[in-house]
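Welcome! Take a look at the structure, then try each task before reading on.

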Amino acid sequence: MARFVGTKVEFGADKDEFALNLDARELPLIHSDTHLNDLLLKYCEAALADRRGDMSQLRTRVENAISSLLPHGRVLVDDVARSLGMSKRTLARRLFGRRVELH
């Protein structure tokens with residue numbers, strides 16, 4: 001894998017990411033498949049559309065959890081996540097789509 005990407009690959013990291021240097025944009029495209037690109041673009045757009053729907057459902061669930069906790073005093077992320085049956089890290093990832101620190 002390191003030989004393929006040209007650098008050390010770290011597995012089991014805190015984040016799921018794949019980063020390229022900015023100069024990678026200048027590299028020539030040796031092979032391309034416009035049919036595959038069009039197909040993948042459609043799949044990605046469909047996945048994004050589904051995710052937006054999921055996000056609005058999650059947002060509603062979070063809002064309901066918060067409103068039910070408000071009468072009890074301070075609302076904590078841990079309590080909201082627990083009421084939704086997930087960890088605060090999973091809640092953050094689903095809300096923001098990336099790793100964030102919630103306190």
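A residue is called exposed when its relative accessible area is over 50%, buried when that area is under 20%, and partly exposed in between. Please keep in mind that this is a predicted model.

**Exercise 1.** Work out whether Arg 59 counts as buried, partly exposed or exposed.

*Solution.* Start with the value: Arg 59 has a relative accessibility of 54%. Next, recall that the exposed class begins over 50%. Arg 59 therefore counts as exposed.

**Exercise 2.** Find the residue that forms a salt bridge with Arg 59, and say where the two lie.

*Solution.* First, the partner is Glu 63, and the closest N and O atoms of the pair are 2.9 Å apart. Second, Arg 59 and Glu 63 are both part of helix 2, which covers residues 34–69. They are four residues apart there, about one turn of the helix. Finally, Glu 63 has a relative accessibility of 41%, so it counts as partly exposed.

**Exercise 3.** How many salt bridges does the structure hold? Describe the one that Arg 82 forms.

*Solution.* The structure holds two salt bridges. Arg 82 pairs with Asp 79, with 2.8 Å between the closest N and O atoms. Because Arg 82 and Asp 79 are three residues apart in helix 3 (residues 77–83), about one helical turn separates them. Now classify each residue: Arg 82, at 56% relative accessibility, counts as exposed, whereas Asp 79, at 25%, counts as partly exposed.

**Exercise 4.** Which residues form a nonpolar patch on the surface?

*Solution.* The patch consists of Leu 36, Leu 39, Leu 40 and Tyr 43. Together they have about 390 Å² of accessible area. Look at one of them in detail: Leu 39 lies in helix 2. Its relative accessible area is 36%, so Leu 39 is partly exposed.

Definitions and conventions
Residues are numbered from 1 along each chain as its sequence is written. This is a predicted model: local features need pLDDT of at least 70, side-chain atom pairs count only at pLDDT 80 or more; totals for chains, interfaces and linings use all residues. Side-chain values use heavy atoms; hydrogens and water are left out. A salt bridge is a side-chain nitrogen of Lys or Arg within 4 Å of a carboxyl oxygen of Asp or Glu. Buried means under 20% relative accessible area, exposed over 50%, partly exposed in between (1.4 Å probe, protein chains only). Patches are made of residues with over 30% relative accessible area and no salt bridge: like charges are joined within 9 Å, nonpolar side chains (Val, Leu, Ile, Met, Phe, Trp, Tyr) within 5 Å. Accessible areas come from the Shrake-Rupley method with a 1.4 Å probe; for residues, only the protein chains shown count as cover.
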